[in-house]
Amino acid sequence: MRLTIIGVLTLTLSAGACSRGDTMAVAAGSPVGTAGKADPAAPAATPAAAPAVREITIPAGTPLAVILDTPVGSDTSRVEERVSAHLARPVVVHGETALAEGSRIGGVVTDAKQSGKVKGRAHVAVRFDSLSLNGSDERYQIHTSAVGRTAPGTKKKDALEIGAPAAGGALIGALVGGKKGALIGGAVGGGAGTAVVLSTRGKEIHLAKGAAITLRLTQPVTVRVR
């Protein structure tokens, strides 16, 4: 009987010790049976906020300073050939940068005319129609005024080329046959000078890679920037 009582007391004391141990673990912040699991009471991680996107309208008439990446020429380019360029400096609207330096500009050759032998000066023109923001693949359609260049005239040079052989012919004619010879020599010399001019084309016009030109928007364009 005494042994039975002692055994019951021993079991009771062991159970009490276990109960006190569990209570102390809970009080210390280590819940029993939740090892390796997230605490449901802990706040969830907040995702990083995406950068705000805003729209900026660039008004008509805004100048765009660009640098050519594709060379063009009156004797080397063809109408409808694609041309590329990039902004030489940013475009700022009401204190905000709408277009960053380096933004890409695309366009086409609208005219490429070689200089003629008899008449007609060389001319080349380009119109830009697309815009891609720097660091973005988003493309916008733009409307700009055409940019063209025309070769300088050569009338004064042509007159000198015709006149000089004529004077030389007159001199030779005078030495050979007097006044009558001078008239004949002048006619011959003038004809030779004219032949030189007719067989020579005028100057061509070229815009090399790296050339600086200025475009002007003819219609407003709205871009999305971050």
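## Close-up views of a predicted chain

**View 1. The whole chain and its surface.** The accessible surface of the chain comes to about 14,900 Å², and carbon and sulfur atoms account for 60% of that area. Keep in mind, as you look around, that this is a predicted model. Of its 226 residues, 26% are buried. Now consider contacts between residues at least 6 apart in sequence: 67% of them join residues at least 24 apart.

**View 2. The largest nonpolar core.** This core has 34 residues, and the ones that touch the most other members are Leu68, Leu99, Ile105, Phe128 and Val223. Strand β8, covering residues 123-132, gives the most to this core, with 4 residues.

**View 3. Phe128 and the residues around it.** Let's zoom in on Phe128, one of the core residues that touch the most other members. Leaving aside residues up to four places away in sequence, Phe128 touches Leu68, Val83, Ala85, Ile105, Gly106, Gly107, Ile142, Thr144, Ile213 and Leu215.

**View 4. Thr62 in its loop.** Here you see Thr62 in the loop that runs between β1 (54-58) and β2 (63-68). Is Thr62 buried or exposed? Thr62 counts as buried because its relative accessibility is 13%, and buried means under 20%. A polar atom of the Thr62 side chain lies 2.7 Å from the backbone oxygen of Pro59. Not counting residues up to four places away in sequence, Thr62 also touches Val91, Leu215, Arg216 and Leu217.

How values were computed
Residues are numbered from 1 along each chain as its sequence is written. This is a predicted model: local features need pLDDT of at least 70, side-chain atom pairs count only at pLDDT 80 or more; totals for chains, interfaces and linings use all residues. Side-chain values use heavy atoms; hydrogens and water are left out. Helices (H or I, at least four residues) and strands (E, at least two) are DSSP runs, numbered from the N terminus. Buried means under 20% relative accessible area, exposed over 50%, partly exposed in between (1.4 Å probe, protein chains only). A polar contact is a pair of N or O atoms within 3.5 Å; within protein, one must be able to donate a hydrogen and the other to accept it, and residues adjacent in sequence count only if both atoms are side-chain atoms. Contact means heavy atoms within 4.5 Å. A nonpolar core is a set of buried Ala, Val, Leu, Ile, Met, Phe, Trp, Tyr and Cys residues joined through side-chain atoms within 4.5 Å. Accessible areas come from the Shrake-Rupley method with a 1.4 Å probe; for residues, only the protein chains shown count as cover.
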